[in-house]
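My notes follow in the order of the look-ups.

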Amino acid sequence: MRCVRYGLILANDLTKPEEAKKVSELVVPYVDGIKIGIPTILDAGISMIRETKDLTDKTVIADFKVADIGFWNKERSSWEGTNAKIVEKVIDAGADYVICHSIVGISSIQESVEVAHSKGGKVLTLPHMTHKGAELFFGHPIDIGHVVKVFESMGIRLTENKLKMCKTISDVILVLGDCIGVDGFIGPANNLEVLKKYRKFTNKEIFGPGIGRQVIGNLTPKDQLRGFYQICGEMSAVMIGSAIYAAPDPVRAAKQFVDWREGIIGKMPP
């Protein structure tokens, strides 16, 4: 279970359950997975994850952006924070991946990763995001001495090379993710300069939202697709939302993205 080579994921953000199911069923021949977020689950219930899995037989990503307390119970030798409860329920419901934040601290993401792995699931984390102003915190310069002190207090040691590379909070999240074993990263497909930094730190899967309406500059969706795949390589997948599900003809839109992808990767070196 992993993102397929140069994957294409439907970010199904429709909130009405029946509409969401219909679009997933229509485009399933053309996508490699389905991402479902909290707004959809709030209306449909967590059973929506299993229903989507059964309906499509594709990889399902639960976009919960889990960001709560990680708590290790020494007496019971188990994780018992809020993250553990959420991640366990989501994986049991049929999700292959859960999206969890790292910016809230080390034990939080450790808990998410270890619980997900114990259930046979995977975790994606967010070193940066697509929205305006994300740079305020993710791009904030770091005090490397402080980073080292906190990492070492948690038993995490960085190589000198990694230390020299870290300049921002985003960089630290990438390094932390690699150190504790997250399975991949969410990277902004509307910010190619940020993505270039990702590949300096990790060879893991990168999943890219931000294609279409969140574009920065004058890039077309095809340009974004090309730039994303060229930077992130075969261990990557774009996440396409409204450009497919809000299109007058979602099937035609999905086919168009598949055609663009095949044309792009066909011209890339093997």
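Predicted model: local features only at pLDDT ≥ 70, side-chain atom pairs only at ≥ 80, totals over all residues.

**Entry 1: H10 and H11**

I looked up the pair H10, residues 192–201, and H11, residues 221–232. I found their axes 9 Å apart, at an angle of about 15°. Angles under 35 degrees count as roughly parallel, so I logged H10 as roughly parallel to H11. By the convention above, the H10 and H11 crossing is right-handed.

Which residues make the contact? On the H10 side I listed Leu192, Leu195, Lys196 and Arg199. On the H11 side I listed Gly227, Phe228, Ile231 and Cys232. Sorted by class, the contact of H10 with H11 has five nonpolar residues, two charged and one polar.

**Entry 2: H9 and H10**

I then took H10 with its other partner on my list, H9. The axes of H9 and H10 cross at roughly 35° and come within 10 Å. I recorded the crossing of H9 and H10 as right-handed.

From H9, the contact uses Ser170, Asp171, Leu174, Val175 and Asp178. From H10, it uses Lys197, Tyr198 and Phe201. I counted four nonpolar, three charged and one polar residue in the contact of H9 with H10.

**Entry 3: the second largest pocket**

What is the volume of the second largest pocket? I have it at about 290 Å³. Its lining holds 15 residues, and the closest to the pocket centre are His146, Val147, Phe151, Ile169 and Val172.

I checked which helices contribute to this lining. H7, residues 144–153, and H9, residues 169–180, each supply at least two residues. By class, the lining of the second largest pocket divides into 11 nonpolar, three polar and one charged residue.

**Entry 4: Met129**

Where does Met129 lie? I placed Met129 in the loop between strand E7, residues 122–125, and helix H6, residues 135–138.

I listed what Met129 touches, leaving out residues up to four places away in sequence: Lys65, His101, Ala134, Phe138 and Pro188. I also looked up the pair Met129 and Asn190, which are 61 residues apart along the chain. Their C-alpha atoms are separated by 9.4 Å.

Technical notes
Residues numbered from 1 in each chain as written. Heavy atoms only, no water. Axes fitted to C-alpha atoms, helices over the stretch in contact; angles between N-to-C directions. Helix = DSSP H or I, 4+ residues; strand = E, 2+ residues; numbered from the N terminus. Parallel < 35°, antiparallel > 145°, perpendicular 65-115°, else oblique. Left-handed = near helix turned anticlockwise from the far one by under 90°. Contact = heavy atoms within 4.5 Å. Nonpolar A, V, L, I, M, F, W, Y, C, P; charged D, E, K, R; others polar. 1 Å grid on protein atoms, 1.4 Å probe; cavity = no way out; pocket = protein on both sides within 12 Å on 5 of 7 lines; lining within 4 Å. Points joined across faces, edges and corners; volume = space filled by probe spheres on them.
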